[in-house]
Amino acid sequence: MAQSASPLVGIIMGSTSDWETMHHAADLLAELGVAHETKVVSAHRTPQRLYDYATGAAERGLQVVIAGAGGAAHLPGMAAAMTHLPVLGVPVESKTMKGLDSLYSIVQMPAGIPVGTLAIGKAGAKNAALLAAAILALSDAALSARLQAWRAAQTDGVAIDPE
């Protein structure tokens, strides 16, 4: 369902190596039945692709963009600068600074160009999907119910006893 319907969430990443982290967002959106698309869009190596993607996102029907990037991590901020849609940034763990460089690059946006910044790595990708779903659920009662059921199942899955 998620890949065949008109996408509501765009998941972009700076390189194919970021898929190791970003597939967690795509998997969770699919589980929740949220139509999405995934693309490699590098702020540094494919600036025209980034420009075209970000400036055309709303016109194509996207409502939220999740952008994962590592290292200098300019992708989320640059995308946010070119669209009025909410952009959720996922810092991808880097080898040199364990993702702190990515986190700092995404979270330190200047006033006026917000990027909702999530945790480094897998947790951030999953939470970006949940946050995107929550945004969409504000105007989609069926998605709201699915999201609430997902959260209830998560709660029910927590053991009472440690053994």
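How many helices and strands does the secondary structure of the chain come to? The count is six helices and five strands, where helices (H or I, at least four residues) and strands (E, at least two) are DSSP runs numbered from the N terminus. Along the sequence they follow the pattern β-α-β-α-β-α-β-α-β-α-α.

This is a predicted model: local features need pLDDT of at least 70, side-chain atom pairs count only at pLDDT 80 or more, and totals for chains, interfaces and linings use all residues. Residues are numbered from 1 along each chain as its sequence is written, and side-chain values use heavy atoms, with hydrogens and water left out.

Start with the overall dimensions. Of the 163 residues, 45% count as buried (under 20% relative accessible area, 1.4 Å probe, protein chains only).

Now turn to strand β3, residues 64-69. Six of its six residues are buried. Both faces are covered: V64, I66 and G68 lie on one side, V65, A67 and A69 on the other.

β3 has strand partners. Two strands pair if DSSP finds at least two bridges between them. Five bridges join β3 to β1 (residues 9-13), and the two run parallel. Here V9 has V64 as its bridge partner. Five bridges also join β3 to β4 (residues 87-91), again parallel. There A67 is partnered by G89.

Definitions and conventions. Buried < 20%, exposed > 50% of the residue type's maximum accessible area, 1.4 Å probe, protein only.
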